[in-house]
Amino acid sequence: MWEKGGIKILIAHPQTPEDDLSIKARWASQLQSLTAFRPFFPLGRTLADIPVLALQVLRGTGSARSFPFVVNLTLTALCPASCPYCFNAAMMGGKRAGVAELDIVQYRILAKAWARHRPGIFISGGEPLQRLDLPQVVEAFRARGMPVGLVTSGVGLDDGTTVALGRVGLDAVLVSLHGGPQLHDRTMGMRGAFRQAMGAVKRLAGASSMAPPMVNYVLGAHSIHDLPGVIRRLDRLGPYRLRLSHLLFLSPPEVRAQLRAWAGLMPQVPLKILSQVQEPKLDVGVMIRGALESPQLRHLPTRPVLSPAQVESWYGPSPGLRRRCLFVWRSVFVDPWGTVYPCQSFHAAMGELGVESMETIWNNRRYRILRRALRKGPMPGCSRCCKF
């Protein structure tokens, strides 16, 4: 079993998160995901799930529906880039020495086993384009009626792979950008990475059999200044969507607090924290808030959806978001070797595909313990989660 022009920075007076309509922002965040990735959240099924999800959370047992809505497959540990903040090495380096990643036969077995549940499938890495059998993996799930999305840096996407992916079809493609040419290449530790990302957007925008690509632009102290120039470049490539993503990170104290909290929750389950670690800088939040309130950018969607004051506090020492995590009741991650882990920030083995079915793992004792804990409120390592 197994989303123009120059930016004018507006400096605003600091506020507190309590000044904002957090509930409204929370629902806006959920709605953004539903509309951006419609094939993964069919209207009828999504509406029917709302009362069920509410009941499961309120009941407090930690149990969820029989199968996750979305399965995120971390397809491979392979990647030509060397981003200094990336979790890839932390999660995978030396973890499975000598053990092969799941192969196409095993993915076909999983696709067959999951077909009756029809989850959405998101494929990422590492860099999934490093897997020569990527089109076959996509086809394995789409042939069984499951929508499939791809998250990529665009590095390695050539004409042949674009044609192959177009043949099997993709319901969503996200291309990640970290700034203009120099900043993006420096961030990825790879010369020519920006050029390859632009080439990937152009190829994908021209593929009529796939949804227009979504460019996921990561916000930061330097990348916010590159954004107008990047948009001008993108506008010449073809149809695309642009989404701005706030930087995901934890402060050193938050990391220490998370490790202590986890040890008290499930001491027998080792935890690797996958978020990058850096010192908070409130002035960065003030600057990014001003940019996002400018006429040139205020119409662009951001992830997560934050009020102006929450944008400031996001980059400071205390984000203070009063939101509940619903991700662990809806979605799951699987690493390249079949380990099921709960979210993109916490790599902790909830079970192993091939030893147990996803259905068994999804509502096992470890998952119920974690859901009951998160029902009480976010853990320290959840402070800047994009899923809120």
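Reply: The axes of helix α5 (residues 134-142) and helix α6 (residues 159-168) come within 9 Å and cross at roughly 5°, the axes being lines fitted to C-alpha atoms over the stretch in contact, with angles running from 0 to 180 degrees between N-to-C directions. The two helices are therefore roughly parallel to each other, a term for angles under 35 degrees. On the α5 side, L134, P135, V138, E139 and R142 meet A164, L165 and V168 of α6, where contact means heavy atoms within 4.5 Å. The residues of this contact divide into six nonpolar, no polar and two charged, with Ala, Val, Leu, Ile, Met, Phe, Trp, Tyr, Cys and Pro counted as nonpolar, Asp, Glu, Lys and Arg as charged, and the others, Gly among them, as polar.

This is a predicted model, in which local features need pLDDT of at least 70 and side-chain atom pairs count only at pLDDT 80 or more, while totals for chains, interfaces and linings use all residues. Residues are numbered from 1 along each chain as its sequence is written, and side-chain values use heavy atoms, with hydrogens and water left out.

Helices (H or I, at least four residues) and strands (E, at least two) are DSSP runs, numbered from the N terminus. Helix α11 (residues 282-292) is mostly covered, since nine of its eleven residues are buried, that is, under 20% relative accessible area with a 1.4 Å probe and protein chains only. Among the buried residues are V284, M287, I288 and R289, and the cover over the buried residues of α11 includes α9 (223-234), β6 (241-245), β10 (302-303) and α12 (308-314).

Methods:
Buried < 20%, exposed > 50% of the residue type's maximum accessible area, 1.4 Å probe, protein only. Parallel < 35°, antiparallel > 145°, perpendicular 65-115°, else oblique.
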